Amino acid sequence: MRVCNKCQYLRDFTNFNGADLGLRCMNPLNSPTPGDFPIVVSPDYSCDYFKPFEDFDLIEFDPNKDKKNKEKHGLSLDLAREILNDPQKFQMIEMPDKWEKIDLEDFEEKGIPKNTGNCDPIRGKYFGHLSDGKLYVFIYTFRHEIGDMKLRVISLRRASEDERKMFENLFKH
């Protein structure tokens, strides 16, 4: 069935920086104005821009970075997928001084593919629980074009005490 909850372009911004931005269609062809991604009122809705999600992996990471993360934190970056499955996951954008800065001339020199996902990449955090029930956080940036955009995981670790308190306060209702 060709419905939004099975589409690659559907993104959940329900708990995004404490705001409920809802479900959004990230296909630029389905956008009324550039950068204005329409709200999906129902995951059962369907449109002409459907692209099956089953072959799309939202997470990517550098294997060398994964090795370093295992050495430093004892955790594989691959566990970010488990955090995304936590129904209480929370996403937030890092402070601007933590934004990744890539000068345009660096793209060619460093062999970085230039695309929408990394022309002005920000860093964000996802908080969520792993199977041990503890709270973890992974840091990410975006890569690739809108619609095919992935979360490039940079780090994954246990949440700090301050982060745990912040998370608990968000879900105290």
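**Ground rules**

I am working on a predicted model, where local features need pLDDT of at least 70, side-chain atom pairs count only at pLDDT 80 or more, and totals for chains, interfaces and linings use all residues. Residues are numbered from 1 along each chain as its sequence is written, and side-chain values use heavy atoms, with hydrogens and water left out.

**Entry 1: the sheet**

I started with the strand order. I found 5 strands in an open sheet, ordered β3-β7-β6-β5-β4, with mixed pairing. Strands here (E, at least two residues) and helices (H or I, at least four) are DSSP runs, numbered from the N terminus. Two strands pair if DSSP finds at least two bridges between them.

Which strands stand at the edges? They are β3 (59–60) and β4 (90–93); each has a single partner strand, so one side of each lacks a neighbour in the sheet.

Next I went through the pairings. β3 runs parallel to β7 (residues 150–158), joined by 2 bridges, and E60 stands opposite R152 in β7. β4 and β5 run antiparallel with 4 bridges; F90 has F127 in β5 as its bridge partner. β5 and β6 are also antiparallel, with 7 bridges. As a reminder to myself, strands of a sheet pair through backbone hydrogen bonds, either parallel or antiparallel.

**Entry 2: the β5–β6 hairpin**

I then looked at how β5 gets to β6. The two form a hairpin with 5 residues between them, and G133 in the turn has a positive phi of about 85 degrees.

Is β5 enclosed or open? I counted burial for that: 5 of the 7 residues of β5 are buried, so the strand is largely enclosed by the rest of the structure. Buried means under 20% relative accessible area, exposed over 50%, and partly exposed in between (1.4 Å probe, protein chains only).

I also checked R143, which lies in strand β6. R143 is buried, at 13% relative accessibility.

**Entry 3: aromatic rings**

How many aromatic pairs does the structure hold? I get 4. The rule: rings of Phe, Tyr and Trp (its six-membered ring) pair if their centres lie within 6.5 Å; planes under 30 degrees apart count as stacked, over 60 as edge-to-face, the rest as tilted.

One of them is Y126 with Y140, a tilted pair at 5.8 Å centre to centre and 40 degrees between the planes. Y126 sits in β5 (residues 123–129) and Y140 in β6 (residues 135–143), so this pair ties together parts that are 14 residues apart in sequence. Both tyrosines, Y126 and Y140, are buried. With F138 they make up one aromatic cluster.

I looked for a charge over a ring too (NZ of Lys or CZ of Arg within 6 Å of the ring centre and within 35 degrees of the ring normal). R158 lies over the face of Y136, 5.9 Å from the ring centre.

**Entry 4: helix α5**

Helix α5 (residues 161–170) lies across β4, β5, β6 and β7, at about 70 degrees to β5. Contact means heavy atoms within 4.5 Å. Axes are lines fitted to C-alpha atoms, for helices over the stretch in contact, and angles run from 0 to 180 degrees between N-to-C directions.

**Entry 5: salt bridges**

My cut-off was a side-chain nitrogen of Lys or Arg within 4 Å of a carboxyl oxygen of Asp or Glu. That gives 6 salt bridges.

- In α5, E161 and K165 are 4 residues apart, about one turn of the helix, and their closest N and O atoms are 3.2 Å apart. Both are partly exposed, E161 at 48% and K165 at 45%.
- Salt bridges with shared partners join K125, R157 and E163 into one network.
- K70 and D66 meet at 3.3 Å, N to O; they are 4 residues apart in helix α1 (residues 63–73), about one helical turn. K70 is partly exposed at 44%, whereas D66 is buried at 8%.
- D78 and R81 meet at 2.0 Å, N to O. D78 is partly exposed at 39%, and R81 likewise at 26%.
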